[in-house]
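Here is a short report on a protein fold. Look at the sheets before reading on.

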Amino acid sequence: MALLPSNVGVPGPEGPEGPQGPEGQQGPSGITSVRRKSELLFTGISLLVPQTTTNLINLIKTLTPTSGTFAPFFDTTNNKLVVFNNNSTVTFKINILGSWQGGSSSRSMEVDFVGTTGNRLVESRDVAVTTDTVSLPTFFSVDAGGNLATNGAAITIKSNGGNFTATTILLIAEQMVPTT
């Protein structure tokens, strides 16, 4: 048995709650965020997507959405995708339903984000498909102060192998941002 100094007493037994007492409830983390989203649905339309590169926002901004609004991610004044200036991911998706005119063995849809590095999406379709659904999802890793956060990106669209007539368009962008 070790000898204790003369000014220290013998420790007493631990109580029922342990040496530090009961644990309290977890407090807030101090970091809170909220999802910001633009989701536009256009149905019952007949919109020509040409074989030449065309600005997507400019192409659809005159249409009346069945549901949703362009803000906060789709700037109809500058015809760009705009994001929050925050270090977080932006997810993007466009679904286009319709059909290519005539039969073509080689047809595809391209969506490009001008001013970003290599963010050109292409989906090819088989000639046997008469009503086409083109689905182009992607994400962007946004850096606060970076080009996408400060300048936005024009979104261009192009149909290859023939003009495309869209009957339904779903356009979604979302980002988690800190609450203010």
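How many bridges pair strand 5 with strand 8, and in which sense? Strand 5 (residues 89-100) and strand 8 are joined by 10 bridges, in the antiparallel sense.

## Basis of the model

This is a predicted model: local features need pLDDT of at least 70, side-chain atom pairs count only at pLDDT 80 or more, and totals for chains, interfaces and linings use all residues. Residues are numbered from 1 along each chain as its sequence is written, and side-chain values use heavy atoms, with hydrogens and water left out.

Strands are DSSP runs of E, at least two residues long, numbered from the N terminus. Two strands pair if DSSP finds at least two bridges between them.

## Sheet 1-10-5-8

Four strands make an open, antiparallel sheet in the order 1-10-5-8. Strand 1 (33-49) and strand 8 (132-141) are its edge strands, each pairing on one side only. Neighbouring strands of this sheet are turned by 10 degrees against each other on average, direction ignored. Axes here are lines fitted to C-alpha atoms, and angles run from 0 to 180 degrees between N-to-C directions.

Strand 1 runs antiparallel to strand 10 (residues 164-178), with 14 bridges between them. In this pair, phenylalanine 42 is opposite isoleucine 169 of strand 10. Elsewhere, threonine 91 is opposite phenylalanine 139 of strand 8.

## Two faces of strand 8

In a regular strand the side chains alternate between the two faces of the sheet. Strand 8 has a covered face of Asp132, Val134, Leu136, Thr138 and Phe140. Its uncovered face holds Thr133, Ser135, Pro137, Phe139 and Ser141.

## Sheet 2-9-6-7

A further open sheet of 4 strands has the order 2-9-6-7, again with antiparallel pairing. Its edge strands are strand 2 (54-55) and strand 7 (120-125), and each pairs on one side only.

Strand 2 pairs with strand 9 (residues 154-160) over 2 bridges, in the antiparallel sense. Threonine 54 is opposite isoleucine 157 of strand 9.

## Asparagine 119

Where does asparagine 119 lie? It sits in the loop between strand 6 (107-114) and strand 7. Is asparagine 119 buried or exposed? Asparagine 119 counts as buried because its relative accessible area is 19%, and buried means under 20% (1.4 Å probe, protein chains only).

Technical notes
Buried < 20%, exposed > 50% of the residue type's maximum accessible area, 1.4 Å probe, protein only.
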